[in-house]
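Please keep the structure open while you read.

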Amino acid sequence: MNEEQLNQAYVVTLSCPDRPGIVHAVTGALLATGCNITDSQQYGSPSTGNFFMRVEVTTAAAKSDLRAALDPVAEAFSMQWNLNTVGEKVRTLVMASTSAHCLNDLLFQQRSGTLPIEIAAIVSNHQDLAGLAEFYGIPFHYIPVTKDTKEQAEDKLRALIAGHDIELTVLARYMQILSDELCTELTGKAINIHHSFLPSFKGAKPYHQAHARGVKLIGATAHYVTAALDEGPIIEQEVIRVDHARTPEQFVQMGRDVEGRTLVQAVQWHAEHRVLLDGNRTVVFN
């Protein structure tokens, strides 16, 4: 057994109805395939009765052997589960409109090696960000959207997702509402950044709404995309303090850094398989 085999790492994530014996069964199956558990986190939700687990292991066994060992356990406990190679880059498509800050943060963090993603394509309904995509060497796809062309535009997007084997779609200040059908297709596989501390100040110009209410905190929310606008399961949020002397335009400027950080963090946790869905909530093992 060489060092490379010993250091091959996998991550198992699972959810199922909570009942005794889950941890014992999972760890027993992993032990039987020669796995060394390097990290394990679990959570039982008292409100939904669901159990969640994330386990990292190193092993000399093949991925197929791990899957074969875990399959009967998953069936016995009615699990939804995934097995992934630690550090394997998630193929990602990023959508943006005219604001560059969130897209730029994702591109920079990918290039620096911080994010385990591979941005295969950038899609926009404007051409403003084509130069940024070119700078990073990422294919840029201009897909204009109008009321009359929305269906065709989404079909083009679907073709790109399929053609590039996209696993994650990120809406980095993409200022178009996706159809209910597309949102359903992308359930758990699309992340949006909302420039507000949801559930407050939904919809258009949330910073201006916040300013009008005289708030002392503004922030950003990264959440999964759902057909219910701005209602998707929340992955990460961050806030900053403001005061009465700030203008709405200053709120917008101050919020940009928060938006970028929040989105990057959510994408990182998703790509590291740390986020599990629990109805309209998330369990985040960080």
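1. The largest nonpolar core holds 39 residues. A nonpolar core here is a set of buried Ala, Val, Leu, Ile, Met, Phe, Trp, Tyr and Cys residues joined through side-chain atoms within 4.5 Å. Buried means under 20% relative accessible area, exposed means over 50%, and partly exposed is in between (1.4 Å probe, protein chains only). Leu103, Leu106, Leu107, Ile119, Ile191, Leu263 and Val267 touch the most other members. Helix 9 (residues 248-271) supplies the largest share of this core, eight residues. Another core lies apart from it, with 23 residues, among them Phe51, Val57, Leu66 and Trp81. In soluble globular proteins, nonpolar side chains tend to be buried together.

2. A word on the basis. This is a predicted model, where local features need pLDDT of at least 70, side-chain atom pairs count only at pLDDT 80 or more, and totals for chains, interfaces and linings use all residues. Residues are numbered from 1 along each chain as its sequence is written, and side-chain values use heavy atoms, with hydrogens and water left out. Helices (H or I, at least four residues) and strands (E, at least two) are DSSP runs, numbered from the N terminus.

3. Next, the largest pocket. Its space is about 620 Å³. Pockets and cavities come from a 1 Å grid over the protein atoms alone: a cavity is a set of points where a 1.4 Å probe fits but cannot get out, and a pocket is an open set with protein on both sides within 12 Å along at least five of seven lines. Lining residues have an atom within 4 Å of a point. Grid points are joined across faces, edges and corners, and a volume is the space filled by probe spheres set on the points. The pocket is lined by 21 residues, and Thr13, Asn82, Gly188, His270 and Val275 lie nearest its centre. Strand 1 (9-17), strand 4 (80-85), helix 9 and strand 12 each supply at least two lining residues. Strand 4 gives the most, with four.

4. How many cavities of 30 Å³ or more does a search of the whole structure find? There are two. The largest cavity has a volume of about 80 Å³. Its lining includes Met95, Val123, Ile143, Lys150, Glu154, Tyr174 and Gln176. Helix 6 (residues 150-163) gives the most to that lining, with four residues.

5. Look at the loop between strand 8 (168-171) and helix 7 (180-185), where methionine 175 is found. Methionine 175 is partly exposed, at 48% relative accessible area. Leaving out residues up to four places away in sequence, methionine 175 touches Ser97 and His195 (contact means heavy atoms within 4.5 Å). Arginine 173 is also placed in the loop between strand 8 and helix 7. Arginine 173 counts as buried, at 12% relative accessibility. Its phi is near 65 degrees, a positive value in a residue other than glycine. Most residues other than glycine have a negative phi.

6. Histidine 273 has a positive phi too, near 60 degrees. Histidine 273 lies in the loop between helix 9 and strand 12 (275-278). Histidine 273 is buried, with a relative accessible area of 18%. The C-alpha atoms of methionine 175 and histidine 273 are separated by 27 Å.

7. The disulfide count comes to zero (a disulfide is a pair of cysteine sulfur atoms within 2.5 Å). Cysteine 183 is in no disulfide either, and the nearest cysteine sulfur, that of cysteine 102, is 18 Å away. Cysteine 16 is buried, with a relative accessible area of 4%. Cysteine 183 is buried as well, also at 4%.

8. The structure holds one aromatic pair. Rings of Phe, Tyr and Trp (its six-membered ring) pair if their centres lie within 6.5 Å; planes under 30 degrees apart count as stacked, over 60 as edge-to-face and the rest as tilted. The partners are phenylalanine 135 and tyrosine 136, edge-to-face, at 5.1 Å centre to centre and 85 degrees between the planes. Phenylalanine 135 counts as exposed, at 58% relative accessibility, whereas tyrosine 136 is buried, with a relative accessible area of 14%.
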